[in-house]
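My notes follow in the order in which I took them.

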Amino acid sequence: MACEMKYCSTRGGVHGWDFRDVLFSGFAPDGGMFMPESLPVLSSDTLRCWKGLPYTKLVVEVASLFIPTQLIPRDDLEVLVGEALSGFSVPEVVRIVRLKNGLFVLELFHGDTLAFKDLAMTCTVRFLDYFLRKENRRAMVVVGTSGDTGGSAIQSAKGIPGLDVVVVYPRGRITPVQERHMISCVQDNIHVFAADGSSDDIDKPLRHLFADQDLVKSHGLMSLNSVNFSRVMIQLAHFIYAYLELSGMEQTDADAALPELDVVVPTGGAGNIAAGYIVKQMGLPLKLVAMVNSNDIVHRTVTTGDFSMAANVTQTLAPAIDIQDPYNMERVFWLLLGRNGASVKIMMEEFQRSHRHSLPENHRKLLSQVLSTGTVTDEGILEIMRRCWNENEYVLCPHSAVAVWHHYHCPHSPGVNRCYVATASPAKFQATVQRAGLTFDLPEEVLALNKLPTRYQNLERSHSWCKDWEDRLREFIQSVSVVRKNGGTYYTGN
């Protein structure tokens with residue numbers, strides 16, 4: 001299947017790109033997001049064959065469905081994925097913790113920055129490095145982050161000779177550990193900006209930069225947000241892994257229908273939800289639940305059809321999902337509407353122009369059939385963190401608590417297992433852990449962050465902040481490119 005795999009834009013204006021083209025892109029030239037033109041099918045036989053595979057080998061199997069061997073031969077793919085996932089703190093890379101009363105927690109946070117982003121980021125950066133070395137060229141990653149993506153991109157890419165990484169984070173809206181994972185990295189290829197605004201504010205000038213095709217092409221600009229399909233592709237694996245481990249499929253006859261598995265995901269930019277819906281379309285019998293905090297656009301879209309941004313992003317105890325623009329929902333809409341790029345283009349351009357779109361009731365019903373939702377307040381987050389500790393002596397991070405709220409407030413369907421996605425370690429959110437009246441011993445590597453030197457630049461708020469940030473970043477990108485072409489080094493200042 002992968003030998004024929006081509007990619008297109010969700011807005012219908014781009015077709016026939018290969019994986020390498022998509023890997024080195026951000027948004028598609030027509031403003032859409034890249035998706036496979038067709039999806040491989042996961043048969044019952046394939047799933048049974050994959051049962052029992054180590055997580056790293058499962059990632060290779062999944063990636064090989066989407067990356068042709070003429071681009072990355074199978075032996076090379078195995079080496080790249082193996083190296084990418086070799087530095088995780090548990091040998092199995094991801095871990096399922098089985099707590100009381102059917103509370104199964106999928107821990108995805110055992111990488112360098114203690115967040116699920118490390119799984120896909122490390123692999124994606126290895127793919128980039130593979131092509132950059134092969135083609136003897138450079139690229140520049142530009143990333144806006146709500147907290148975890150930036151640190152993961154930096155830790156995965158630091159020191160790679162052909163890659164510069166520019167990260168913009170929302171100052172004062174992330175935790176000290178999240179910030180330290182970014183600003184304490186002083187390698188020459190890492191450039192960090194602290195912006196006086198929200199993560200949604202940051203996305204606006206970045207979209208303008210990626211829309212400038214001359215800038216993109218002349219400086220090799222690309223994204224490592226979950227805009228990049230490679231990130232979403234690797235995330236397919238943890239849904240499949242959870243299914244193989246928790247669905248009970250091994251107890252069913254070979255010719256019987258596969259059992260369902262509920263997967264509950266804390267949701268911000270909706271990258272995990274997009275990945276879950278893709279594997280559902282590939283044939284995995286999942287029931288997806290997106291849990292959100294007070295930034296509840298996904299919940300409102302599913303329950304009322306109100307796909308509109310609130311006036312401001314609400315700061316909550318789960319900052320990595322403090323997002324009002326869940327951009328990966330565009331991929332979900334595209335699949336939901338039968339790959340109708342023209343309809344998605346109209347919908348998303350209206351949303352980008354006015355920050356609102358009313359989903360027709362027939363579309364909302366379709367969406368509600370494949371995705372359930374719920375919303376959790378800060379008090380609800382603290383309640384769940386305490387309750388989970390009291391019952392299991394297990395500390396959840398606030399984002400994972402958003403998901404686990406569903407366990408305590410929405411009874412299981414009889415005979416259906418349920419998996420809760422834990423996206424980050426509580427070590428990153430000490431203030432919230434303490435506010436819940438709990439303690440969590442910080443790992444040595446987290447304590448060491450405070451002793452490291454820091455380097456970053458500020459993006460101040462102004463009356464014309466969006467244009468000012470865009471101009472500042474554009475000039476910076478151009479100046480870094482000039483230095484690199486002359487074979488020099490570039491050091492940002494505080």
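**Entry 1, the model.** I note at the outset that this is a predicted model, and I read every value below as computed from it.

On the helix 10 side the contact is made by Phe 229, Val 232, Gln 235, Leu 236, His 238, Phe 239 and Ile 240, while helix 11 brings Gly 271, Asn 272, Ala 275, Gly 276, Ile 278 and Val 279. Sorted by class, this contact holds eight nonpolar and five polar residues, and no charged ones.

Which residues of helix 4 are buried? For this helix, residues 74-84, I listed Leu 77, Leu 80, Val 81 and Ala 84. They cover an arc of only 90° around the axis, which puts them on the same side of helix 4. Among the elements that cover these buried residues I found helix 3 (55-64) and helix 5 (117-135).

In the loop between helix 4 and strand 3 (95-98) I stopped at Val 93, which has a positive phi of about 75° although it is not a glycine. Val 93 is also buried, its relative accessible area being 3%.

I then turned to helix 12, residues 297-304, which is mostly covered, with six of its eight residues buried. Those buried residues are Ile 297, Val 298, His 299, Arg 300, Thr 301 and Val 302, and what covers them includes strand 10 (286-292), strand 11 (306-308), helix 13 (329-336), helix 14 (341-354), helix 15 (361-370) and strand 13 (371-375).

I looked at helix 15 separately as a partner: the axes of helix 12 and helix 15 come within 7 Å and cross at roughly 115°. This makes helix 12 roughly perpendicular to helix 15. The contact joins Thr 301, Val 302, Thr 303 and Thr 304 of helix 12 to Arg 364, Leu 367 and Ser 368 of helix 15, and by class I wrote down two nonpolar, four polar and one charged residue. Just after helix 12, Gly 305 takes a positive phi of about 85°.

In the loop between helix 13 and helix 14 I found Arg 339, with a positive phi of about 65° although it is not a glycine. Is Arg 339 buried or partly exposed? With a relative accessible area of 32%, Arg 339 is partly exposed.

From helix 16 I listed Gly 380, Ile 381, Glu 383, Ile 384, Met 385, Arg 387, Cys 388, Glu 391 and Asn 392, which meet Pro 398, Ala 401, Val 402, Val 404, Trp 405, Tyr 408 and His 409 in helix 17. The classes in this contact are ten nonpolar, three polar and three charged residues.

Val 376 lies in the loop between strand 13 and helix 16 and is buried, with a relative accessible area of 2%. Leaving out residues up to four places away in sequence, I found Val 376 touching Met 291, Val 292, Asn 293, Ser 294, Ile 381, Val 402 and Trp 405.

In helix 20, residues 465-485, I looked up Leu 473, which counts as buried at 3% relative accessibility. Apart from neighbours within four places in sequence, Leu 473 is in contact with Val 166, Val 168, Phe 193, Leu 206, Leu 209 and Leu 459. Leu 459 is 14 residues from Leu 473 along the chain, and their C-alpha atoms are separated by 9.3 Å.

Gly 488 is found in the segment after helix 20 and, at 29% relative accessibility, counts as partly exposed.

Methods: Residues numbered from 1 in each chain as written. Predicted model: local features only at pLDDT ≥ 70, side-chain atom pairs only at ≥ 80, totals over all residues. Heavy atoms only, no water. Contact = heavy atoms within 4.5 Å. Helix = DSSP H or I, 4+ residues; strand = E, 2+ residues; numbered from the N terminus. Nonpolar A, V, L, I, M, F, W, Y, C, P; charged D, E, K, R; others polar. Buried < 20%, exposed > 50% of the residue type's maximum accessible area, 1.4 Å probe, protein only. Arc of directions from axis to C-beta. Axes fitted to C-alpha atoms, helices over the stretch in contact; angles between N-to-C directions. Parallel < 35°, antiparallel > 145°, perpendicular 65-115°, else oblique.
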